[in-house]
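This briefing goes through one protein model by topic. Please keep the sequence and the 3D view open while reading.

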Amino acid sequence: MKIKTDEITTVIKQEIEQFSSELEISEVGRVVEVGDGIARIYGLSKAMAGELLEFETSQGPIMGQAMNLESDTVGAVIYGNYLAVREGDVVRSTGRLLEVPVGDGLLGRVVDPLGAPLDGKGPVNSSQTRKLDIVAPGIAARQPVTEPLQTGIKGIDSMIPIGRGQRELIIGDRKTGKTAVALDAIINQRQFWGTDEAVVCIYVAVGQKDSTVAGVIDTLRKNGAMDYTIVVNAGASSPAPLQYIAPYAGCAMGEYFMWNGMEGKLPKHVLCVYDDLSKQATAYRQLSLLLRRPPGREAYPGDVFYLHSRLLERATKLSDENGGGSLTALPIIETQEGDVSAYIPTNVISITDGQIYLQPELFSSGVRPAVNVGISVSRVGGNAQIKAMKEVAGSLRLDLASFRELEAFAQLGTELDKASQQQLDRGGRMVELLKQGQYSPFDVIDQCISIFAGSKGFLDNLPIDKVHAFESDLLDHFRGPGKELRDKLVESQSFKQLGGEFEAAIGDFKKVWSS
């Protein structure tokens, strides 16, 4: 067979023309020390603070993040199975910051802080990502908080109202119902789903037992709340780096929806629950001490305040030019024996716009939710309430305050005058009225009618154990025969013109009511 030299020449020429030398440049370092989710790397001289690093291990690539930039080495945290990382492994800098998947595909899912699914329902359907740690929108990009975020809990919506874009701390000892308050708020958003007022809820579990988180997910599912909820879980068995980034991951997922308003899309309101930030601070302390950062008060690093402030500052009500979306934060802090003056509780109290303080004594005595009205406060206040609630809530707080004073006095066995006895009777009924079953949120108009009836004295001569039965039947009456009057209240959102009609209607109902 004759060799055709011209053909060979043509092929070689084509190959030379198509050849291009692509030189891949990446900065490479090596692991010199590893343990407890922390690696010390030699050689990454151009690494940036917070940069994403890729560890090449025998089990495939594992991601990490540069935290300490020292003269010879880089201190990094490892996200994932740090036991797979060995001394001598190659580490590459990526030039990127840490990102998490975001989008509608996450709704109804349970994911870890890096967006990997934990619910066994297959991969998360998400094509977009957002930076995990960003600078919060400035003052010019925001507007004052004026829209109420209804929790469905009478004691909170009336006296410690939460607005969309607010940061309201839930604080108390363990086993006082902190998570239950947050879950009630999530379940109450079900009525708005599918409307212009729809709220996406994000529950971030940090350092919780997996069985506890499974119980929370089951509760949300039974109450139909998982349709609009994302659960981010970094359990007690998760490495400290994942517990540290979990709240930021949940916040980034929420910000995607908050900025939806810019494009005219819905939903654009978000509620983030961080359960709880005490455990995040503990995880961050662990990381910092392992990275040899100098310890400060209670062995926390000096920037532990910044850890929480840069997270909670991202809760905002955006201006109308930016779409008017909002992100409301409900951080949870666990106290030891009611010590709200400890380091982390005081930090978070000073960052937030108020706190809901849950008291063990009230919880034990059957007042649930166990909200201490004296210490609890909302710094947004009446701005985040409908008119009708503002009108009835002022007298409610006064009734309860005078009741608490008189109750202590009456325990001495002193004879009380008629006016004091009346205050005591009314306060006792109001405390009973504010008791509420778990996961049974009230519509805001129903709350207004209940509190109106109590503050006008219609419950004063009822036996205390009949208060709830009367309230339930009264609300049923206003959904049935008295619906016309209730509809007027829904429309006007105020008792100003309707007070007399309501007093007459409740009086007539009470005459024929029998428990």
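D36 has a relative accessible area of 47%, so this residue counts as partly exposed. The model is a predicted one. D36 sits in the loop that links β1 (28-35) to β2 (38-42), and its phi is positive, about 55°, although the residue is not a glycine.

**Overall build**

- The protein has 515 residues, of which 54% are buried.
- Its secondary structure consists of 15 helices and 17 strands.
- Along the principal axes, the C-alpha atoms fill a box of roughly 120 × 55 × 40 Å.
- Among contacts with a separation of 6 or more, 73% are between residues 24 or more positions apart.

**The barrel that includes β1 and β2**

- A barrel is closed by 6 strands in the order β1-β2-β5-β4-β3-β6, with antiparallel pairing.
- On average, neighbouring strands of this sheet are turned by 45° against each other, direction ignored.
- The two strands on either side of the D36 loop, β1 and β2, pair with each other in the antiparallel sense over 5 bridges.
- E33 stands opposite R40 in β2.
- Helix α5 packs on the sheet and touches β4 (60-69) and β5 (73-79), its direction making about 80° with that of β5.
- Helix α6 also packs on the sheet, where it touches β2, β4 and β5; the direction of α6 makes about 35° with that of β2.

- All 7 of the 7 residues of β13 (residues 269-275) are buried, so the strand is largely enclosed by the rest of the structure.
- H269, L271, V273 and D275 point one way from β13, while V270, C272 and Y274 point the other way; both sets are buried.
- Strand β11 (residues 199-206) pairs with β13 in the parallel sense over 7 bridges.
- Strand β15 (residues 326-334) is also a parallel partner of β13, over 6 bridges.

**V204 in strand β11**

- V204 belongs to strand β11 and stands opposite Y274 in β13.
- The relative accessibility of V204 is 0%, so V204 counts as buried.
- Leaving out residues up to four places away in sequence, V204 touches V232, A246, P247, G250, V273, Y274 and D275.
- V204 and E54 are 150 residues apart along the chain, and their C-alpha atoms are separated by 26 Å.

**Nonpolar cores**

- The largest nonpolar core contains 76 residues, and I186, L220 and F502 have the most contacts inside it.
- Another core lies apart from it and has 59 residues, including L52, V200, I245 and I344.
- Beyond its neighbours within four places in sequence, F502 is in contact with I449, F452, F478, L485, R486, L489 and F495.

**Helices α13 and α14**

- Helix α13 (residues 467-479) packs against helix α14 (residues 483-492) at an angle of about 85°, and the axes are 6 Å apart.
- The two helices, α13 and α14, are therefore roughly perpendicular to each other.
- On the α13 side the contact is made by H477, F478 and R479, and on the α14 side by K483, L485 and R486.
- By type, the residues of this contact are 2 nonpolar, 1 polar and 3 charged.
- Three residues of this contact, F478, L485 and R486, are also among the contacts of F502.

**Backbone details in loops**

- The peptide bond between L266 and P267 is cis, with omega about -5°.
- P267 lies in the loop between α5 (240-258) and β13.
- A cis peptide bond also runs from R368 to P369, where omega is near 0°.
- P369 is placed in the loop between α9 (360-364) and β17 (377-378).
- A299 is a residue other than glycine with a positive phi, near 70°.
- The loop between α6 (277-290) and α7 (304-312) holds A299.
- The relative accessibility of A299 is 30%, so A299 counts as partly exposed.

Key: Residues numbered from 1 in each chain as written. Predicted model: local features only at pLDDT ≥ 70, side-chain atom pairs only at ≥ 80, totals over all residues. Heavy atoms only, no water. Core = buried A, V, L, I, M, F, W, Y, C linked by side-chain atoms within 4.5 Å. Buried < 20%, exposed > 50% of the residue type's maximum accessible area, 1.4 Å probe, protein only. Contact = heavy atoms within 4.5 Å. Helix = DSSP H or I, 4+ residues; strand = E, 2+ residues; numbered from the N terminus. Pairing = 2+ DSSP bridges. Axes fitted to C-alpha atoms, helices over the stretch in contact; angles between N-to-C directions. Parallel < 35°, antiparallel > 145°, perpendicular 65-115°, else oblique. Nonpolar A, V, L, I, M, F, W, Y, C, P; charged D, E, K, R; others polar.
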